[in-house]
Amino acid sequence: MEELETAISADGIVRSFGSNTAVDGVSLSVARGEVYGFLGPNGAGKTTLTRVLCTLITPSAGHAQVAGYDVAREPDKVRLRIGVALQDAALDDRQSGTEMLALQGRFYGLSAVATRTRVAELTDLIDIGDALGQRIGTYSGGMKRRLDLALALVHDPEVLFLDEPTTGLDPVSRARVWQEVRRLNVELGMTVFLTTQYLEEADELAGRIGIINKGKLVAEGTPSELKRTIGTDVIIVRLGSAVNDAQTALEKLEHVQRIDISGTTLTLSVTDGPGSISPVAVTLASVPNADVRELTLRQPSLDDVFLSVTGEHIRRSDNSNIGTGSTVGQTETRTT
Ligand SMILES: Nc1ncnc2c1ncn2[C@@H]1O[C@H](COP(=O)(O)OP(=O)(O)OP(=O)(O)O)[C@@H](O)[C@H]1O
């Protein structure tokens, strides 16, 4: 069969639950061998699109092909070629990891010998070690997640779907999952479609990122392309008060491209950060009662991109931005 260049293509996918449109006309394309990060806050529609692409639910409208087959018309062919690790791993606590892997091998039509060989490879790859022979009920959350990843890989899939693979994991388990995803992609050339609500995860792993908000794809590109849309630099201004007056004064400055406001913090996208910081400071000094509490210059982050395309932050709820989940804050956006 001719080698396919495109591993996943979605064309105008809509998926509604009653009157709630969870995915609202998403079109995207993922090349073979790519790691595509699908980034968005809680409830944005990431899991729903993943479930459509994995043939677990049918689209309400639109078409999608995965590994060369239509997800609605040829779901069996798609299923044979994909591996899926969803957020809530369907693991049977009473079985051992070895038993579940053997069952999965049989399910995909592998011989007992082929399954044993594959399981031996995966033991090394996923690093579950001796625990594989023990009951799954005794595993930690991280071990269960890695076993689930191994189950998704038993039949050596062409395309791997990972739905928020590190949500709720401790930093060590998270780092292991990241390492494995990189290895699967680099060493085996596996295409990976990864949903996440963590900016660092998308930045670390994905060659290309799609940002989804309220069911719509609102931005797409490599991490550096997306950051470049924000401008060369970002200046963060945190004020005690007089936010609107400061905004009015700052948007007149030459290098300020846009200002996003979240509470009393102004995020300025500027073309020349070092050259802009003094004029910004002087301008703020002229705003009565502005009460400047912080003035910092930094490179644009994916959070700045998210803020500019959605009007909201993916905000950290802990220092690592990972672990306890993120929250979304309301902001006002104004382009100068
Ligand atoms: N089976 C379902 N029945 C009804 N509504 C659903 C169902 N599945 C998802 N939804 C709704 O669709 C919207 C998108 O949900 P989805 O789980 O796809 O988002 P998500 O981006 O994956 O969020 P999270 O990060 O919380 O998993 C939400 O409003 C959700 O309540």
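Ser 96 lies in the loop between S6 and H3; helices (H or I, at least four residues) and strands (E, at least two) are DSSP runs, numbered from the N terminus. The model is a predicted one, in which local features need pLDDT of at least 70 and side-chain atom pairs count only at pLDDT 80 or more, while totals for chains, interfaces and linings use all residues. Residues are numbered from 1 along each chain as its sequence is written, and side-chain values use heavy atoms, with hydrogens and water left out.

With a relative accessibility of 7%, Ser 96 counts as buried (buried means under 20% relative accessible area, exposed over 50%, partly exposed in between, with a 1.4 Å probe and protein chains only). Leaving aside residues up to four places away in sequence, Ser 96 touches Leu 132, Gly 133, Gln 134, Arg 135, Ile 136 and Tyr 139. Contact here means heavy atoms within 4.5 Å.

## Packing of H3 and H5

Helix H3 (residues 97-107) packs against helix H5 (residues 141-153) at an angle of about 20°, and their axes are 9 Å apart. Axes are lines fitted to C-alpha atoms, for helices over the stretch in contact, and angles run from 0 to 180 degrees between N-to-C directions. H3 and H5 are therefore roughly parallel to each other (angles under 35 degrees count as roughly parallel, over 145 as roughly antiparallel, 65 to 115 as roughly perpendicular and the rest as oblique).

H3 passes H5 in a right-handed crossing; a crossing is left-handed if the near helix is turned anticlockwise from the far one by less than a right angle, and right-handed if clockwise. On the H3 side, Gly 97, Met 100, Leu 101 and Gln 104 meet Leu 147, Ala 150 and Leu 151 of H5. The residues of this contact of H3 with H5 comprise five nonpolar, two polar and no charged. In this division Ala, Val, Leu, Ile, Met, Phe, Trp, Tyr, Cys and Pro count as nonpolar, Asp, Glu, Lys and Arg as charged, and the others, Gly among them, as polar.

## The open sheet

Six strands make up an open sheet with mixed pairing, in the order S6-S7-S8-S3-S9-S10; two strands pair if DSSP finds at least two bridges between them. Strand S6 (82-85) and strand S10 (216-221) stand at the edges with a single partner strand each, so one side of each has no neighbour in the sheet. From one strand to the next, the twist averages 15°.

Strand S7 (residues 159-163) pairs with strand S8 (residues 191-196) in the parallel sense, over five bridges. Phe 161 stands opposite Phe 193 in S8. Helix H1 (residues 46-53) packs on the sheet and touches strand S3 (35-39), S7, S8 and strand S9 (208-213); the direction of H1 makes about 150° with that of S8.

## Packing of H9 and H10

Helix H9 (residues 243-250) and helix H10 (residues 273-285) have axes that come within 10 Å and cross at roughly 135°. H9 and H10 are therefore oblique to each other, and their crossing is right-handed.

Ala 246, Ala 249 and Leu 250 in H9 meet Val 280, Thr 283 and Leu 284 in H10. The residues of the contact of H9 with H10 divide into five nonpolar, one polar and no charged.

## Positive phi in two loops

Asp 156, in the loop between H5 and S7, has phi near 55°, a positive value in a residue other than glycine. Asp 156 is partly exposed, at 47% relative accessible area.

Lys 214 is found in the loop between S9 and S10. Phi of Lys 214 is near 50°, also positive in a residue other than glycine, and Lys 214 is exposed, with a relative accessible area of 59%.
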